[in-house]
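Please read the points below with the model open beside you, and check each one against the residues it names.

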Amino acid sequence: NAGVTQTPKFQVLKTGQSMTLQCAQDMNHEYMSWYRQDPGMGLRLIHYSVGAGITDQGEVPNGYNVSRSTTEDFPLRLLSAAPSQTSVYFCASSARQGLTEAFFGQGTRLTVV
Amino acid sequence: ILNVEQSPQSLHVQEGDSTNFTCSFPSSNFYALHWYRWETAKSPEALFVMTLNGDEKKKGRISATLNTKEGYSYLYIKGSQPEDSATYLCAFIGTGRRALTFGSGTRLQVQP
């Protein structure tokens, strides 16, 4: 089983460039989320989705867009990359938000220069 | 922004020691509390999902307790082994939110 698949694993961007981090899950989970991980700050919620067509902002949404056109996919778009967005990004999914465990992708290490 | 705090931030123990960590969270509007184990260069993996006050969960040498009225959970590791070295995260979700809020984690290092 693939579980949660994130691509790419590593990316270097120049300031001002845009890109999309891909996340796909094959477990038919309704709930998906994006987190960023920075040293000493744990995982901070960027955006989340409770089902296809429904998204909402998390704790640190500025500079990021999401959409959820299918149950399987939840891409994260960086509109104009900034050095402050250098981080490790994790996508997660769960069947019943809160009541069942979250499954995480392998992470994307993004560096903005 | 919900306040989920973990202590200590890091812990060094000797193989065979037993240890415990604390996660504190808002005591109102509780829905669930999760514990995850996160090894370096890997993704977080779930240990426990806890939903009821007084819940006690156990998986091998690792166990957890939950007190929703006072807003804390303890994670215990009995007889620590080097392979227990990891960061342990707790995550809270309240009735009003739809996503997990994570603490900053406790980093455990077990010396052989």
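1. A residue is called buried when its relative accessible area is under 20%, exposed when it is over 50%, and partly exposed in between. By that rule C23(B) counts as buried, because its relative accessible area is 0%. C90(B) is buried as well, again with a relative accessible area of 0%. Please keep in mind throughout that this is a predicted model.

2. These two cysteines belong together, for C23(B) and C90(B) form a disulfide in which the sulfur atoms lie 2.0 Å apart. The torsion about their S-S bond is about 75°, so this disulfide is right-handed. C23(B) sits in strand β3 (residues 19-24) of chain B and C90(B) in strand β9 of chain B, so the bond ties together parts that are 67 residues apart in sequence.

3. How many disulfides does the structure hold over all chains? There are 2, and the one in chain A is formed by C23(A) and C91(A), with 1.9 Å between the sulfur atoms. Here the torsion about the S-S bond is about -70°, so the disulfide is left-handed. The pair links distant parts of the chain, since C23(A) belongs to strand β3 (residues 19-25) of chain A and C91(A) to strand β9 (residues 87-94) of chain A, 68 residues apart. Both C23(A) and C91(A) are buried.

4. Side chains of opposite charge can pair when their charged atoms come close. Over all chains the rule counts 5 salt bridges. One of them joins D38(A) to R36(A), at 2.9 Å from N to O, and another joins R44(A) to D38(A), at 2.8 Å from N to O.

5. Returning to chain A, salt bridges that share partners join R36(A), D38(A) and R44(A) into one network.

6. The size of an interface is often given as the accessible area lost when the parts come together. For chain B and chain A the area buried between them is about 1,800 Å², and 65% of it is on carbon and sulfur atoms. Three residues, W38(B), R98(B) and F102(B), supply 29% of the area that chain B buries against chain A, more than any other three residues. The contact takes 21 residues from chain B and 21 residues from chain A.

7. The largest share, 5 residues, comes from β4(B). The residues of this side of chain B divide into 13 nonpolar, 5 polar and 3 charged.

How values were computed: Residues numbered from 1 in each chain as written. Chains lettered and ligands numbered in written order. Predicted model: local features only at pLDDT ≥ 70, side-chain atom pairs only at ≥ 80, totals over all residues. Heavy atoms only, no water. Contact = heavy atoms within 4.5 Å. Buried area = accessible area lost by both parts, 1.4 Å probe. Helix = DSSP H or I, 4+ residues; strand = E, 2+ residues; numbered from the N terminus. Nonpolar A, V, L, I, M, F, W, Y, C, P; charged D, E, K, R; others polar. Salt bridge = Lys/Arg side-chain N within 4 Å of Asp/Glu carboxyl O. Disulfide = S-S within 2.5 Å. Buried < 20%, exposed > 50% of the residue type's maximum accessible area, 1.4 Å probe, protein only.
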